[in-house]
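Please open the model in a viewer and keep the selection panel at hand.

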Amino acid sequence: MRRVLSFFLLCFLSFCIPTFAADYHEQLVLRPLPLSALLASFNFRSNTSLSAFEAHNYRFFPRSLGQILQHAGTRELHLRFSLGRWDAESWGARPWDGAKEGGTGVELWAWLEAETEEEADHKWLTLTNALSGLFCASLNFIDGTRTTRPVMSFRPEGNHPSSNSTNMHLLYGVLPREVVCTENLTPFLKLLPCKGKAGIATLLDGHKLFDASWQSMAIDVRPVCVPGEECVLEIEQTIDMVLDIDRSLRPRDNPIPRPPPGHELKCDTSKPYHSDDTCYPAVYGANQDWTLAQIFGRPMQGICPLADPTVPPVCLHVPDSRSVYSSAGVREIKNKDGLSRCFEVEPAADLDVVLPRVESEGEAAPTLAESIVRPETPSLYAERSFTGYGQERGGVQTILRNPSPDKEVEFVYMESLPWFMRIYLHTLQARVDGPSTDQESLIDEVYYRPALDRARGTQLELRMRVPPASTVFLTYDFEKSILRYTEYPPDANRGFDVAAAVITILDDGKGGTGSASVSSDKHTSSNLRTTTLLLSLPTPDFSMPYNVIIFTSTAIALAFGGMFNILVRRFVAADEGPEVSLKRLKRGIQTKLGSLFSKFGKASIKKNE
Amino acid sequence: MPRLLSGAFRLKNDPRILKLPPYLSLLCILVGVVWLLLLPLDNYSRRTYISENALLPGQVHTYFGGSDQNVFRAYKHEINSLADGNATNLAVNDRLAAIFAGIGLKTARQPYSYTTSRAVQGENIYAILPAPRGDATEAIVLVAAWRNAGDETNRNGVALLLTLARYFRRWSLWSKDIIFLVTPDSSSGPQAWVDAYHDAHRGSVGSLPVKSGALQGALAIDFAREGRFKSVHVAYDGVNGQLPNLDLINSVVSIAGGQMGMGVAIQEMWEHPDGYRDRLDTMLRGMLKQGLGMASGPHSAFIPYHVDAVTLQPFGEGWQDEMAMGRVIEGTFRSLNNLLEKLHQSFFFYLLMATERFVSIGTYLPSAMLVAVNFTIMAIALWVKSGQPEGEVVPGLEGQKGEKARLAVERHLFLPLGVVTVAQALGVVPLWVFNHTPASLQTTVFVVFLVLNTALPHVLSAVLTRTYNPTTQQYQLITSFSLLLLGMFLSSLATLNFSLALIVGLLSSPLSFVRPARHLAWSVPLALISPPAVLALTTALWKNGGLAAVGDVLREAAFGWDVMGMYTPVVVWCVWWPAWLVGNLVVLGRPGRGKAKVA
């Protein structure tokens, strides 16, 4: 990954800096991964000078977002929409060193300029509500219980020379339950200068994007200052997705994975029992051939005319030894490191890239492992799960594994837990399992902000280390609160999602490139997120309260009716009361009618007179 | 009103009222039994229905088949070569891991060992198919034990699991992870895995290296037979008589029976014409299984953790093939995949009497409660009776017969309480002995215990009369306390395991009517209903294995108690056995004038 990033860095250094003032770049990096997966990283970056931004003069910077940022006093904004999980065991280190991904759901953090915390909270409310409308996401549900103020985990990525640190407030909110879907992609594409009508953004099709095994959409807005030049506001939009090639190759009009006809099965013919009706399937995902148009459902239609023409729009990371074909009007540039190549396209030419099957026959046939660039080993593996069972208590166990044989990993582990998960901090334990079993304190620093019921969640930040080639088990216990019945969400109750833990790996300064931006902070780091968890709380059977309400209402109504009847009615014996009989009724009617007739009679007499 | 009250008071002192409880008690037992027999009638049972609408069973097309059969045949060859070569557990797992890797799934293994009455060790292997767009919050499990409950190699089951794993891998609609688990056997393996999944495992069981989210359901395949089959048998009993949600069974019934048209059987009723006798038979089989509380398949281990699970076993001669079985599983998984929340809508307490006929707890519970109540009624009656003087015992009061009813006698509580406490405490001894005896000695120990158990009441009774010489009142109190405890235990047990409470209640119902008998012969029928005797008789009658079968049952019970947390032994030895012991003591008792008067 580092090599990829350094390549990026080089590319940006050579192309971007001279034309920093107002420009737009876009690039798609394709990278085949093991197990028949393909990582596609779309990157769109534009910037505008701060003075133009202040003057409401938008060119590449989207006006809709810009106005929100100005209104809410936002200095730096990071918004993430993610789905699925990154399989670090097979796919290796994360793209962008994890800097451009979030936990499942929606994640938002921003530095707001405010004098007091109350003002910051107020601006945060404005920001979340406005973004909620812009991105069609339930960001307005990020309320006090879901907002934290991380202390150690996040650092500003941009340069903030004008504002001092006291009036910069970092707020972090996360919605693990939010399902990311096409309604979030459309506004995302609308922010782009070419609006998804030309360039690499034409490949972004909701059907393919949301069928990906893992995908993350990111928006980062940060001020960037290069000494001696005017500060610019940079917006970087990124979409990373891991496509399953097998699934993506399925035609759209026939998405059902019906069993293929027997003769189309790829079999291992070396088995002794192999025959027409017996087929031991060949190793999954090996040796697939694909084209860009098949994977994304359409070829890339032209290039965005606004994009910097010096940046090649599509790059592919496969070893040089592998042959790749491209459509007419496309020029292939091989990179010097022998592991990647880029494609330059003539304007208005469609781009398609064909990766043929690797020839496995012949003397010097490359092995399957050599047909892709080996993914880099991540510096830390993290996995989090619940322990225990039952409705009352539970535990959380995070397994942190350092694969490096000689390098210690230092990181900040941050959990923002909902208030109804009451953790017992005294049960927090870090146990190491590895060659060096000296149980010296693995946790260097703890920042803990306890939850307040119904007001704010728990925030736990740990600065800790994992010794080389060791595994650390971080465990703590918690108690489940009982919610009021109106506090359950109105949907079907599958449980409550607990947001992913954020792991920020601290670097001692050598190596890591962190952000791809040239002018990023010196304090570089890479990020990692665990999966979300599903917490099941004691749940009432919701039809029960309603039954009880209806039942008691009926009972009260009956009792009250009877009681009221007894209270207001006067009871008399039957012989004391007026006689009720047919004869009496008849007499009554007769008298009534009689009086009526007599009236009429009088009236007619008067008339006659 | 005052007239009514005084009438009731007068009635209280009426000697006839004390004659009533035994009849009332008998009536309770009879009504309880008749109630149970009424349940299979149409008016008392209900048709099953899908309560959770999200399941939509049988509403999707299933596509498993076609060239997947070629793949199935190849996997079957692989499994056959392992099974025929008597491959070890580790060799099997190595091969399975290679096949899973070929499918593109990552595997993990879990070694475990149990050293109880029988030492068991093995290694589970499982593969996780991550939900294509999911985030590891929920999972469903497909289990196939290498050796099934009947100790045959589950050849088709494991091959089908592998083929389904490959087939499921192609779909992108899974909302939950799917875990494919292959265990070496069908009791300890799944138990070790589920325990470790919830971090409730002991030291000898390895932790799981990889985990997914909360388990929402599990399905086990037990497909050892060869050739085509007729229909599917659904095994659903969990440990301690816990049952999976009725919706899961209903879904399987609706998919296998309705959509696939292959019919479903339960409780080993291979033929079920749905008459009264068949329904009653099915229900009683289910109750017996529930009462014994033993695991009935790989699914049993999941149920205590509130993971609904069933085992599917094809049976009969018909024209359905393995692919049809695969489609049943596919359909069930598609239904489980639809679940938005844990299965909770339908019943957890029910008795099935046909695949589409059940009674729920509200309807059947009264029968066990009535049986339990009979003990309480007798306990109260004996308590009242013990407070009234008896002419022949207290000769000094003979002249004042008219006054007798008014007088209350002081109750001597110490001895009765002591006797009942000691009897209850003694129950721990057989419990400990049978759970800690090595497997080879179980039969011998049982025979020794059976002999001792027959002699024990006589010895204890002799000691009791010799040293304390209890009075009639004290015998009454002993019976009263013992019955009170029994009634209390059984009525609370009825809410947890209805069948066990009813079986124990019926078997100990004669204890309600015990009183000191002058004749030794009365202890013979009582000896026949002692727990060990019942155990020996039933196993001899049903398993035709004589005492060796008893040893098997005891080994299973010890294993269940130690590994699966099965509490049937506790109920037998600490609830039923003490009550029987006390009852026998009373029958053998010779009421005297009490220790003080003798001295």
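**Before selecting**

Residues are numbered from 1 along each chain as its sequence is written, while chains are lettered from A and ligands numbered from 1 in the order in which they are written. The model is predicted: local features need pLDDT of at least 70, side-chain atom pairs count only at pLDDT 80 or more, and totals for chains, interfaces and linings use all residues.

**Stop 1: each chain as a whole**

Select chain A and colour it by secondary structure. Chain A holds 11 helices and 27 strands; here helices (H or I, at least four residues) and strands (E, at least two) are DSSP runs, numbered from the N terminus. Of its 609 residues, 40% count as buried. A residue is called buried if 20 or more other C-beta atoms lie within 10 Å of its own, exposed if 12 or fewer, and partly exposed in between, with C-beta atoms placed from the backbone.

Buried residues account for 52% of the 599 residues in chain B. Two residues are in contact if their C-beta atoms, placed from the backbone, lie within 7 Å. Among contacts between residues at least 6 apart in sequence, 82% in chain B join residues at least 24 apart; the corresponding value in chain A is 77%.

**Stop 2: where the chains meet**

Show both chains and select the residues in contact between them: 45 residues come from chain A and 35 residues from chain B. On the side of chain A, the elements that give two or more residues are β3 (74–84), α8 (245–248), β17 (381–387) and β27 (533–535). By class, this side of chain A divides into 19 nonpolar, 15 polar and 11 charged residues. In this division Ala, Val, Leu, Ile, Met, Phe, Trp, Tyr, Cys and Pro count as nonpolar, Asp, Glu, Lys and Arg as charged, and the others, Gly among them, as polar.

**Stop 3: the sheet of chain A that contains β3**

Follow β3(A) into its sheet. This open sheet has 11 strands in the order β5-β6-β4-β3-β7-β8-β2-β1-β11-β14-β13 (chain A), and the pairing is mixed; two strands pair if DSSP finds at least two bridges between them. At the edges stand β5 (147–148) and β13 (330–334) of chain A, each pairing on one side only. Strand β4 (residues 105–113) of chain A runs antiparallel to β3(A), and eight bridges join them. For a landmark, select A:E76, which stands opposite A:W111 in β4(A).

**Stop 4: the two domains of chain B**

Colour domain 1 (21–41 + 363–391 + 411–598) and domain 2 (53–355) of chain B separately; the bounds come from an automatic or database domain assignment. The C-alpha centres of these two domains of chain B lie 39 Å apart. Their contact takes 24 residues from domain 1 and 24 residues from domain 2 of chain B. On the domain 1 side, α16 (498–507) and α19 (546–564) of chain B are the elements that give two or more residues. The largest share of that side, eight residues, comes from α19(B). Its classes are 14 nonpolar, seven polar and three charged residues.

**Stop 5: β3 of chain B**

Select residues 119–129 of chain B. Is this strand enclosed or open? Eight of the 11 residues of β3(B) are buried, so the strand is largely enclosed by the rest of the structure. Strand β2 (residues 106–115) of chain B runs antiparallel to β3(B), with 10 bridges between them, and a hairpin joins the two through three residues. B:T107 has B:A127 in β3(B) as its bridge partner. β3(B) also pairs in the antiparallel sense with strand β5 (residues 177–183) of chain B over five bridges; there, the bridge partner of B:Y126 is B:L181.

**Stop 6: the nonpolar core**

Of its 297 residues, A:V314, B:L161 and B:A165 touch the most other members. Helix α20 (residues 568–588) of chain B supplies the largest share of this core, 14 residues. Centre the view on B:L161: not counting residues up to four places away in sequence, B:L161 touches B:L142, B:A144, B:F180, B:V182 and B:I221.

How values were computed: Core = buried A, V, L, I, M, F, W, Y, C linked by C-beta atoms within 7 Å.
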